[in-house]
Amino acid sequence: MVYRRFLCIKDAVACINDKVDLIAVILNFSLPQTTRGTDYVCKLKIIDESHPEIPVHVFAQEIDHLPFVAAVGDIIHLSRVVMRIHEGDVYAIFNKKFSSFALYDGKDVENFQPYQVLLRYEARKHDAMIIAGLRKWLASSHVIDEPNFSLLEEINEVGLVNLVCRVLHICKTTDDKWMAFIWDGTDAPPISIYKKPEDEEHNPLPLHFKPLPSSGHVLHTFPTVGTILRLIFDVECMPYILQLLKVCQWFKLFCVECKVHEGLWYGVFTSYSKIRDIPNVDILILERQSNYDCRSLGNLDRMPSWSCPWPSKITGPM
């Protein structure tokens, strides 16, 4: 097996069964999953200026040895990955025994230190020049096209949504699943409940879905305006998720399943869902925070936006 030091993707796809080094932009990535054996695997899609995207399958014996990608658009240096082809599609295989990687911020034009490396990784003299070129190309191109994000107040049916929310609290449910309380400052719409009044005596509707945090101190930290959505994690890779999630930080959530239980909205994070970190200066955060700040100024503005009729703001006789 030939080892080729550094190739652009265009040249690498012609080197089937060879080991190659690649430096490319991360276009997409999946959550870790367990293989049929004892290993973990995650899948990346990478791209550079020379060629459309190709998949990379990363295998590791421990979940901590997988790349923890902070954001789409970051740059990865893959060393000694093997190029393969299956039914005409070329991809790269990261071998847990001899491959290595380093992750770099895709936007920071001055920092050339990786934020995650595998122990076998060795930097080279020309890496910084290649990374700088990719950052410049990425800034001037439109290869990363994010989907639209919904506010909680815009949810109108059961299905998949993309959200930008702040994580308020993380805990375990009574059935031993992890759950996060998330919020964006808006009010989810009310749900129509089709139930006979006489059934309420024997089977009353719940006041909340899943238990609330037992600590009163936690509840006191929750915002007083806006829906607080419970997000249930139905995935195998919770250690990975828990390393990404941080209380009081904002995140982008992709392909979250919105569901209804007894008239209450909740979300489910599945193996098809994705989570991305987001900087505090992002316009999506600033818009949501500004909306919350305006609603917090007066008592009437704290009323749910779906209240009807809206209470009068006249407090006294004219």
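Me: What joins β3 to β4, and through how many residues?

Reply: A hairpin, through five residues. Strands here are DSSP runs of E, at least two residues long, and helices are runs of H or I, at least four, each numbered from the N terminus. The model is predicted, with local features needing pLDDT of at least 70 and side-chain atom pairs pLDDT 80 or more, while totals for chains, interfaces and linings use all residues. Residues are numbered from 1 along each chain as its sequence is written, and side-chain values use heavy atoms, with hydrogens and water left out.

Me: How many bridges pair β3 with β4, and in which sense?

Reply: Two strands pair if DSSP finds at least two bridges between them. Strand β3 (residues 33–34) and β4 have two, in the antiparallel sense. Gln 33 stands opposite Val 41 in β4.

Me: Which strand pairs with β4 over eight bridges?

Reply: Strand β5 (residues 51–60), again antiparallel. β4 and β5 form a hairpin with two residues between them. Strand β2 (residues 19–29) is also joined to β4 (residues 40–48), by four bridges, and runs antiparallel to β4.

Me: Which residues stand opposite Ile 46 of β4?

Reply: Ile 26 stands opposite Ile 46, and in β5 the bridge partner of Ile 46 is Ile 54. In a regular strand the side chains alternate between the two faces of the sheet.

Me: Which residues of helix α2 are buried, and why do they line one face?

Reply: Buried means under 20% relative accessible area, exposed over 50%, and partly exposed in between (1.4 Å probe, protein chains only). In α2, Asp 127, Ile 130, Ile 131, Leu 134, Arg 135, Trp 137 and Leu 138 are buried. Seen down the helix axis, these buried residues fall within an arc of 165 degrees, so they line one face; the arc is taken from the directions from the axis to the C-beta atoms. On the other side of α2, Met 129, Lys 136, Ala 139 and Ser 140 are exposed.

Me: What covers the buried residues of α2?

Reply: The cover includes β2, β4, β6 (75–86) and β8 (100–104).

Me: Where does Ile 16 lie, and what is it in contact with?

Reply: Ile 16 lies in the loop between α1 (9–12) and β2. Contact means heavy atoms within 4.5 Å. Leaving aside neighbours within four places in sequence, Ile 16 is in contact with Met 83, Arg 84, Ile 85 and Val 90. Ile 16 counts as partly exposed because its relative accessibility is 29%. Ile 16 and Ala 92 are 76 residues apart in sequence, and their C-alpha atoms are 9.2 Å apart in space.
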